[in-house]
Amino acid sequence: MSKKQFEAESKRLLEMMINSIYSQREVFLRELISNASDAIDKMYYKALTDESITFNQDDYYIKVTADKDARQLTITDTGIGMTKEELEDNLGIIAKSGSLAFKKENEIKDGHDIIGQFGVGFYAAFMVADVVTVWTKALGSDQGYKWVSEGADGYTIEPYEKDTVGTTITLTLKESTEEDDYDSFLDEQQLKSIIKKYSDFIRYPIKMDVTEQKPKSDEEDAELEEVVEEKTVNSMVPIWKKNKSELTTEDYEQFYAEKHYGFDKPLQHIHVSVDGNIRYNAILYIPESMPYNYYSAEYEKGLELYSNGVLIMSKCADLLPDYFSFVQGLVDSEDLSLNISREMLQHDRQLKLIEKNITKKIKTELKKMLNNEREKYEKFYKSFGRQLKYGVYSDFGQNKEVLQDLLLFHSSKEKKLVSLAEYVERMPEDQKYIYYASGESNERIERLPQTEVVLDKGYEILYFTDDVDEFAIRMIMEYDGKEFKSVSSGDLGFESDDATNNTEEETKDNQELLDHMKSVLSDKVKDVRISKRLKTHPVCLSNDGEISIEMEKVLNMMPD
Ligand code: ADP
Ligand code: MG
């Protein structure tokens with residue numbers, strides 16, 4: 001039997017492949033710019049081993065130009081170029097990456113600067129273009145070539161006289177329709193913002209002819225005229241790769257604003273460079289105030305994720321635990337296994353490592369703030385303290401190691417927030433438990449009859465006024481070997497001064513009164529008892545069992 005070839009509408013197949021890989025069309029520019037950057041990097045690597053090549057940084061750049069009339073977008077680079085063979089192999093064969101081969105051939109282990117590896121990015125151009133033309137001349141070659149393609153139907157190559165080494169790629173954009181707008185890719189502002197978004201930290205200048213209104217002369221009321229000037233639109237060196245000592249708080253604040261991480265000023269920035277098992281740089285921000293939509297479903301937690309300065313994901317949720325969901329910023333790592341679209345990651349092992357690491361850093365930083373900049377920390381705690389307490393509660397107490405030291409509560413002692421460490425440190429020697437009282441507000445708690453005996457002993461009481469407080473504390477169970485105890489619990493863990501008195505007798509003497517009270521309150525209480533807890537108050541409510549009255553209130557409010 002003879003084997004038959006599969007037939008496929010290759011043009012449609014290519015379109016399907018490309019459109020299923022990328023969720024957004026605009027990334028075509030990211031891909032072409034990344035290729036241009038790779039081509040310059042290759043020049044740089046060649047220069048390292050070949051003395052006849054000098055790499056003069058100023059000679060290397062990428063230029064993006066738009067021609068509205070011709071509906072053409074052009075990306076030019078002064079990189080290594082392609083030979084005829086390379087054109088055929090690298091652009092003629094889908095999923096063949098010349099860059100990956102280059103890294104292997106040249107044994108560039110640390111070739112982490114070269115971005116390409118999958119051999120599909122180039123075809124992203126066909127998401128927006130009907131025709132793609134490539135003019136190129138390779139390093140060390142006297143002949144240039146012109147490659148033209150309208151998609152997977154094929155391509156043509158012919159010799160072309162090109163003066164300089166490098167590559168120019170021209171996209172003839174598709175016609176816009178009512179649903180699909182391609183014209184925006186010819187718009188100066190639009191192009192600038194796409195470049196800023198994805199390729200801001202490409203290490204070579206990306207230049208554009210930028211139109212500006214400028215006064216015709218130095219005179220104050222001089223007329224304005226339109227001037228076109230070539231400008232570099234990318235920042236090139238990412239702030240996170242700069243030396244910390246070169247950066248000021250203002251630099252970090254400006255970056256925060258530029259990135260729209262928040263409308264406030266960040267309360268704290270954290271700049272991390274890790275060079276261990278997994279290498280990454282991160283800039284993290286703790287905002288001062290809660291984003292307006294923080295507690296709504298619309299709020300998305302996550303950090304920006306970069307691979308080698310190229311944006312991969314705008315909100316990578318896996319990089320932050322929920323209890324630190326307020327943290328903003330970015331992570332850049334060379335060690336990620338990207339999938340073909342660069343939009344997702346193949347393995348999350350590296351991400352997990354980074355997440356763990358970052359979580360630790362944030363915690364350390366917050367603890368430092370708590371110890372050294374109390375006022376600042378309390379500002380933070382006002383905005384996000386609740387989130388930390390939810391964190392303790394939500395993971396069945398697994399997070400408590402990270403979070404318990406960051407919690408603050410009001411207390412009977414100083415009418416201010418205290419940490420568990422501070423509480424324990426000043427406990428009188430004979431005090432065995434950490435006491436707390438739950439209530440709607442500090443004032444309400446202060447009026448609780450149950451607090452009296454504890455305060456009389458000279459013990460401090462933590463005030464739990466947040467719904468989640470008691471739930472969180474139940475997860476923590478103990479701190480520094482001291483268990484938590486509600487002032488309303490049956491056994492307070494110390495002998496009150498008159499506990500030796502026999503309540504049994506008094507109960508007997510007052511049985512009739514107790515029975516009467518119980519029958520009047522029959523559907524409201526389970527029992528009425530004589531208590532030795534009370535000092536100045538005639539009566540108090542107390543509960544049996546694990547769930548306190550306050551907790552019960554919260555639970556009752558929850559939807560079934
Ligand atoms: P990748 O970048 O993942 O290798 P692409 O489809 O983006 O895949 O590009 C395929 C190959 O084409 C590249 O690996 C590179 O060898 C070659 N190439 C693409 N653009 C250029 C360019 N501007 N200059 C030189 N070579 C290029
Ligand atoms: Mg590429």
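# Exercises on a predicted model

Thr359 is found in helix H7, which spans residues 349-372. The model is predicted, and the exercises below start from this residue.

## Exercise 1: the setting of Thr359

Solution. 

## Exercise 2: the crossing of H2 and H5

Task: describe how H2 and H5 (residues 188-199) cross, and state which residues meet there.

Solution. 
Step 1. Look at the axes: those of H2 and H5 come within 9 Å and cross at roughly 65°.
Step 2. Find the hand: the crossing of H2 past H5 is right-handed.
Step 3. List the residues: H2 brings Val27, Leu29, Arg30 and Ile33, and these meet Ile194, Ile195, Tyr198 and Ser199 of H5.
Step 4. Sort this contact by class: 6 residues are nonpolar, 1 is polar and 1 is charged.

## Exercise 3: the shell around ligand 1

Task: state which residues come nearest to ligand 1, and which helix gives the largest share of its shell.

Solution. 
Step 1. There are 23 residues around ligand 1, and the nearest are Ser97, Gly98, Gly116, Gly121 and Phe122.
Step 2. Three helices each supply at least two residues of the shell: H2 (27-49), H3 (84-91) and H4 (98-105).
Step 3. The largest share comes from H2, with 4 residues.
Step 4. By class, the shell has 12 polar, 9 nonpolar and 2 charged residues.

## Exercise 4: the whole protein

Task: compare the radius of gyration of the protein with that of a compact globule of 560 residues.

Solution. 
Step 1. The compact globule would have a radius of gyration near 24 Å, whereas the protein has 34 Å.
Step 2. Along the principal axes, the C-alpha atoms fill a box of roughly 115 × 80 × 50 Å.
Step 3. Of the 560 residues, 33% are buried.
Step 4. Among contacts with a separation of 6 or more, 66% join residues 24 or more positions apart.
Step 5. The secondary structure comprises 16 helices and 19 strands.

Terms used: Residues are numbered from 1 along each chain as its sequence is written. Chains are lettered from A and ligands numbered from 1 in the order in which they are written. This is a predicted model: local features need pLDDT of at least 70, side-chain atom pairs count only at pLDDT 80 or more; totals for chains, interfaces and linings use all residues. A residue is near a molecule or strand if its C-beta atom, placed from the backbone, lies within 6 Å of it. Ala, Val, Leu, Ile, Met, Phe, Trp, Tyr, Cys and Pro count as nonpolar, Asp, Glu, Lys and Arg as charged, and the others, Gly among them, as polar. Axes are lines fitted to C-alpha atoms, for helices over the stretch in contact, and angles run from 0 to 180 degrees between N-to-C directions. A crossing is left-handed if the near helix is turned anticlockwise from the far one by less than a right angle, and right-handed if clockwise. Two residues are in contact if their C-beta atoms, placed from the backbone, lie within 7 Å. The radius of gyration is taken over C-alpha atoms; the globule rule is 2.2 Å times the number of residues to the power 0.38. A residue is buried if 20 or more other C-beta atoms lie within 10 Å of its own, exposed if 12 or fewer, and partly exposed in between; C-beta atoms are placed from the backbone.
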